[in-house]
Amino acid sequence: MSKTWLLFAAAAMLSGSAVAAENESGVITPNLDKGTRVLEGAGYFDVMGDKLHIQLAYGQFVADGIEVAVVAGLRDDERYMSTELGARAEYNLILDSALVPFLSAGVVWADVEADDSGLDNDAAVFSVGGGMKYFIRDDVALAVDGSYLFASNDIYVDSDDGELQDDEFRILFSVRSYFD
């Protein structure tokens, strides 16, 4: 989990130039209007632990505050590998603030292999979740997203006992860029 915070801090530092270039009024108006497109990068990596989890998404707002996106993901460590491809819908609660809460739901197709358990399986994975975005500019946001995932097969390996299970809770930090 500390590696996740490290990635989030690095993303915040990299987006510092965006904060410095903010308009003079200092008022941030999140760009969540119909037609706006979104590019998102999320995940974490642990070089010493040989762990990687990356999720990329490209979406478009089909109505004010409602985004539909294509999602691709890769999760890899020394004994488990998963690739994912699917779609997600997100409803943003538009407030008069740089802080925007959101709800999300999605479905992906996952291909999973795990060495220790002999797992080599595919599954449909359904997710529901929510989170919070903080806009550092009108078109750049840092976000945290918590999701409950439920798979059609046992594809997740429990870190405590190594048993296979069909659900998981996931928290990801992301940087999102919005453009017209």
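This is a guided tour of a predicted model, stop by stop, with what to select at each one.

Residues are numbered from 1 along each chain as its sequence is written. In this predicted model, local features need pLDDT of at least 70 and side-chain atom pairs count only at pLDDT 80 or more, while totals for chains, interfaces and linings use all residues; side-chain values use heavy atoms, with hydrogens and water left out.

**Stop 1: the salt bridge of R170 and E84**

Select R170 and E84. Their side chains form a salt bridge, with the closest N and O atoms 3.6 Å apart. The term salt bridge is used for a side-chain nitrogen of Lys or Arg within 4 Å of a carboxyl oxygen of Asp or Glu. Side chains of opposite charge can pair when their charged atoms come close. By this rule the model has 10 salt bridges.

The partners come from distant parts of the chain, 86 residues apart: R170 is in strand β10 (residues 167-179) and E84 is in strand β4 (residues 80-92). Strands (E, at least two residues) and helices (H or I, at least four) are DSSP runs, numbered from the N terminus. R170 counts as buried because its relative accessible area is 10%, and E84 counts as buried because its value is 11%. Buried means under 20% relative accessible area, exposed means over 50%, and partly exposed is in between (1.4 Å probe, protein chains only).

**Stop 2: E90 and R176**

Stay on the two strands and select E90 and R176. This pair also forms a salt bridge, with the closest N and O atoms 2.9 Å apart. E90 is in strand β4 and R176 is in strand β10, 86 residues apart. Are these two residues buried or exposed? E90 is buried, because its relative accessibility is 2%; R176 is buried too, because its relative accessibility is 0%.

**Stop 3**

Select R137 and D139. A salt bridge joins their side chains, at 3.3 Å from N to O. R137 is partly exposed, with a relative accessible area of 23%, and D139 is partly exposed at 26%.

Next select E40, E67, R88, E90, K133 and R176. Salt bridges that share partners join these residues into one network.

**Stop 4: the negative patch**

Select D50, D76, E78, D111, E113, D115, D116, D120 and D122. They gather in a surface patch of negative charge. Patch residues have over 30% relative accessible area and no salt bridge; like charges are joined within 9 Å, and nonpolar side chains (Val, Leu, Ile, Met, Phe, Trp, Tyr) within 5 Å. Asp and Glu count as negative, Lys and Arg as positive, and His and the chain ends are not counted. The elements giving two or more residues to this patch are β5 (99-114) and β6 (119-137).

Zoom in on D116, in the loop between β5 and β6. D116 counts as exposed because its relative accessibility is 64%.

**Stop 5: the nonpolar patch**

Select V62, I66, V68, Y91, L93, L95 and L103. Together they form a nonpolar surface patch with about 590 Å² of accessible area, by the Shrake-Rupley method with a 1.4 Å probe. One of them, L93, lies in the loop between β4 and β5. L93 is partly exposed, with a relative accessible area of 34%.

**Stop 6**

Finally, select N31, in the loop between α2 (16-20) and β1 (37-46). N31 counts as buried, because its relative accessibility is 13%.

Key. The place of a charge is taken as NZ of Lys, CZ of Arg, CG of Asp or CD of Glu.
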